[in-house]
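Please open the model in a viewer and keep the selection tool at hand. The stops below lead from the ligand to the charged pairs.

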Amino acid sequence: MSFTLALVGRPNVGKSTLFNRLVGKRLALVDDQPGVTRDLREGAARLGDLRFTVIDTAGLEEVTDDSLQGRMRRLTERAVDMADICVFMIDARVGITPVDELFAEILRKRSAHVILVANKAEGRAGEEGALEAYALGLGDPIRVSAEHGEGMNELYAVLQPIA
Ligand code: GDP
Ligand code: MG
């Protein structure tokens with residue numbers, strides 16, 4: 001069965017890095033797709049024997065302070081509504097910020113399946129930040145390093161039974 005996975009989280013946690021790792025070179029040209037703006041990038045992803053569509057909530061980078069909450073919320077809600085499963089990413093090196101809490105609130109209200117991912121956890125980095133993430137009430141965080149490809153087996157293991 002095929003499914004759609006949305007990568008959600010505040011700017012700079014590593015969503016696009018994970019997107020690129022899952023998609024490789026199989027990036028869809030979203031400009032050619034009706035109804036999909038450049039704020040949401042879509043790609044054909046592969047993880048082990050799983051094949052799925054992945055959505056990157058890009059465009060959050062340009063959000064200015066005064067419009068931060070509204071625009072982030074709208075973009076995130078659109079991605080969540082398109083998706084069967086959401087990967088909610090936090091930065092394990094930074095720990096939980098108030099903006100992360102905001103995202104968690106959106107997801108708790110909106111998404112059936114949330115996988116909590118603590119990124120930038122290569123080596124022993126980010127153990128403390130990952131522990132903090134338990135407080136979000138979204139289950140056990142999976143420690144990964146999108147940049148170094150660590151934790152992909154663990155991500156597969158939680159996706160596989162849902163998919
Ligand atoms: P996005 O804004 O959520 O899409 O985040 P990006 O994918 O653009 O990444 C933001 C920054 O974090 C970049 O400088 C990445 O190189 C860095 N980054 C992403 N993943 C990792 C990781 O696993 N470990 C470390 N140390 N840095 C990472
Ligand atoms: Mg990005």
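Which of the 16 residues around ligand 1 come nearest? Select Asn12, Lys15, Thr17, Glu122 and Glu147; a residue counts as near if one of its heavy atoms lies within 4 Å. This is a predicted model, in which local features need pLDDT of at least 70 and side-chain atom pairs pLDDT 80 or more, whereas totals for chains, interfaces and linings use all residues. Residues are numbered from 1 along each chain as its sequence is written, chains are lettered from A and ligands numbered from 1 in the order in which they are written, and side-chain values use heavy atoms, without hydrogens and water.

Next, display the polar contacts (pairs of N or O atoms within 3.5 Å). A polar side-chain atom of Glu147 lies 2.6 Å from an oxygen atom of ligand 1. A backbone N or O atom of Ser16 is 2.9 Å from a ligand oxygen, and a polar backbone atom of Gly14 is 3.0 Å from one.

Then select Asp100 and Arg10, which form a salt bridge with their closest N and O atoms 3.2 Å apart; the term requires a side-chain nitrogen of Lys or Arg within 4 Å of a carboxyl oxygen of Asp or Glu. Asp100 lies in helix α3 and Arg10 in the loop between β1 and α1, so the pair ties together parts 90 residues apart in sequence. Asp100 is buried at 0% relative accessible area, and Arg10 is buried at 11%; buried means under 20% (1.4 Å probe, protein chains only).

Finally, select Arg73 and Glu105, whose side chains meet in a salt bridge at 3.9 Å, N to O. Both belong to a salt-bridge network that also links Glu77, Asp81, Lys109 and Arg110.

Terms used: Polar contact = N/O pair within 3.5 Å; in protein donor to acceptor, adjacent residues only side chain to side chain. Helix = DSSP H or I, 4+ residues; strand = E, 2+ residues; numbered from the N terminus. Buried < 20%, exposed > 50% of the residue type's maximum accessible area, 1.4 Å probe, protein only.
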